[in-house]
Amino acid sequence: MNSIQHFINGKYQDSSDGRTFEKRSPLDGQLIGRVCEGGQAEIDAAVAAARAALHGDWGRMNVAARVDMLYAIADGITQRFDDFVAAEEADTGQPHHVIAHAFVPRGAANFKIFADTIKNVPTESFRMDTPDGRGALNYSIRKPKGVVAVISPWNAPFMLMTWKVGPALACGNTVVVKPSEETPATAALLGEVMNAVGVPPGVYNVVHGFGPDAAGEFLTRHEEVDAITFTGETSTGTAIMKAAAEGIRDVSFELGGKNAGIVFADCNFEDACEGIFRSAFMNTGQVCLGTERVYVERPIFERFVAALKARCEAVKYGRPTDKGANYGPLISQEHKRKVLSYYAKAVADGATVVTGGGVPAMPPELANGAWVQPTIWTGLPETAAVVREEIFGPCCHIRPFDSEEEVAALANANRYGLSTTIWTNDLGRAHRMAEAIEVGITWINSWFLRDLRTPFGGSKQSGIGREGGVHSLEFYTELRNVCVKL
């Protein structure tokens, strides 16, 4: 059984009071490790270490040396690739091909892309006139924001944690990471890479624990934390924003979504079916960018529902390394109860259950896992809970539509605004719809296709700020102006 410790000031350590909590496998419910539970003492120590590193060797390191260090971190992850994959498989139970081909490689890439960004980012300068005719020169410089609190989610833990740590370190900040209590392993493992490549102690710190009145809240309320970046539920973001108001700390939030997929009759039918299937059911529906609302133009509605049903009923449940397994469990029994409660609400509200709606029959060795069926509903009004609220599970509601104007209004009638995916072969329509839908990212005839240089983030209650490329620098640096009288 694994023991997962905090990583503070370059060293692994237990909690000062000896507290731990259980980590159970989502595959079968078996106890696979004990995790040190951090409190105020661990947060204080981690923040102090980060503050000292900020004013120590790391703070004095020039950009070229930081760039080399980030490349070394990425290479170190690649050298320990199998270890990171195994750790994430144990924590999440998701299929090997998803973790090994998408999530862990992106974790390494996040350090390289931001190393390249900080190396090449320009700054602005302005020559101005003055009354004496001699003029003045204004130029800007970017300085690190300071100690950054990184609170990362459990659905793609390594990829989304490094998506924040990469740019934070590239800009010269130090970090204290509070990973989800459900997925502590890869954040802890990254400490070994940091030490191996020579990252100074205190630059990267990890404290495990919970949220309210625990490590997460202690971190966000800490007066020595200069900025907070968070990915997760909108309700949690609200609580963090209130904490950040004390001391006027900056925040970057990627929050919930109730994303719409829009399928027009002129689409490439097979591509659209496969794209919507991936966007609704990949990672067992536990993707912030996933599609839980599907709108299909009426002439192909029945055919599309049948095709998506067939794909759902062909999934193969299993352990991450089982041959052919392409569908894993939910992250925990608690989340399973939440998702199943929505399955019950859909039926109570009068939904037609096209497929799924419950728990699959599993072999005895997996029967205690957090398994649920991929589920499709039709027939509900837009006011139904499963159409309005984020479920974060493998499910979607499909509704027919008749016009661009109608479907744009349906897609926008939600408090979230993270992403959408649109399937059509009409180029003009694609551009019109992309402009009409109120989201941070729109995919045309694709989904989850990401250029890491582009802005990423949500509108409305789906977040604050943008991440990716130079856009991340707006959060992780303080832009200062220097005015020189000539």
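The legends below describe close-up views of a predicted model. Local features require pLDDT of at least 70 and side-chain atom pairs pLDDT 80 or more, while totals for chains, interfaces and linings use all residues. Residues are numbered from 1 along each chain as its sequence is written, and side-chain values use heavy atoms, with hydrogens and water left out.

**Figure 1. Strand S16 and its pairing with strands S15 and S17.** Helices (H or I, at least four residues) and strands (E, at least two) are DSSP runs, numbered from the N terminus; two strands pair if DSSP finds at least two bridges between them. Strand S15 (residues 352-355) is antiparallel to S16, with three bridges, and Thr 355 has Ile 376 as its bridge partner. Strand S17 (residues 395-401) is parallel to S16, with four bridges, and here Thr 378 stands opposite Ile 398. In a regular strand the side chains alternate between the two faces of the sheet. Within S16 (residues 375-378), Thr 375 and Trp 377 point one way, Ile 376 and Thr 378 point the other way, and all are buried. Buried denotes under 20% relative accessible area, exposed over 50%, and partly exposed the range in between (1.4 Å probe, protein chains only).

Figure 2. Asp 226 is partly exposed because its relative accessibility is 24%. Its contacts (heavy atoms within 4.5 Å), leaving aside neighbours within four places in sequence, are Arg 51, Lys 145, Gly 146, Val 147, Arg 249 and Asp 250. Gly 146 is 80 residues from Asp 226 in sequence, yet their C-alpha atoms are 5.7 Å apart. The side chain of Asp 226 makes a polar contact of 2.8 Å with the side chain of Arg 51 and reaches the backbone nitrogen of Val 147 at 2.8 Å. A polar contact is a pair of N or O atoms within 3.5 Å; within protein, one must be able to donate a hydrogen and the other to accept it, and residues adjacent in sequence count only if both atoms are side-chain atoms.

**Figure 3. Two nonpolar cores.** In soluble globular proteins, nonpolar side chains tend to be buried together. A nonpolar core is a set of buried Ala, Val, Leu, Ile, Met, Phe, Trp, Tyr and Cys residues joined through side-chain atoms within 4.5 Å. The largest core has 63 residues, and Phe 111, Leu 169, Leu 190 and Tyr 204 have the most contacts inside it. Helix H5 (residues 96-120) contributes the largest share of this core, ten residues. A second, separate core of 41 residues includes Phe 304, Ala 307, Leu 380 and Trp 423. Beyond its neighbours within four places in sequence, Tyr 204 is in contact with residues including Phe 7, Met 161, Leu 190 and Met 194.

**Figure 4. Thr 186 in helix H7.** H7 comprises residues 185-197. Thr 186 counts as buried because its relative accessible area is 2%. Not counting residues up to four places away in sequence, Thr 186 touches Phe 84, Ala 87, Glu 88, Asp 91, Pro 157, Phe 158 and Met 161.

**Figure 5. Aromatic pairs and an aromatic cluster.** Rings of Phe, Tyr and Trp (its six-membered ring) pair if their centres lie within 6.5 Å; planes under 30 degrees apart count as stacked, over 60 as edge-to-face and the rest as tilted. The whole structure contains 16 aromatic pairs. Phe 264 and Phe 401 form an edge-to-face pair, because their ring centres are 5.2 Å apart and their planes lie at 85°. Phe 264 is in the loop between strand S13 (259-263) and helix H10 (269-281) and Phe 401 is in S17, so this pair ties together parts 137 residues apart in sequence. Phe 264 is buried at 1% relative accessible area, and Phe 401 is buried at 0%. Phe 269 and Phe 304 are also edge-to-face, at 6.0 Å centre to centre and 85° between the planes. This pair links H10 with helix H11 (residues 301-312) across 35 residues. Phe 269 is buried at 10% relative accessibility, and Phe 304 is buried at 0%. Phe 7, Tyr 12 and Tyr 204 form one aromatic cluster.

**Figure 6. Charged ends over aromatic rings.** A charge sits over a ring if NZ of Lys or CZ of Arg is within 6 Å of the ring centre and within 35 degrees of the ring normal. The charged end of Arg 106 lies over the ring of Trp 163, 5.2 Å from its centre.
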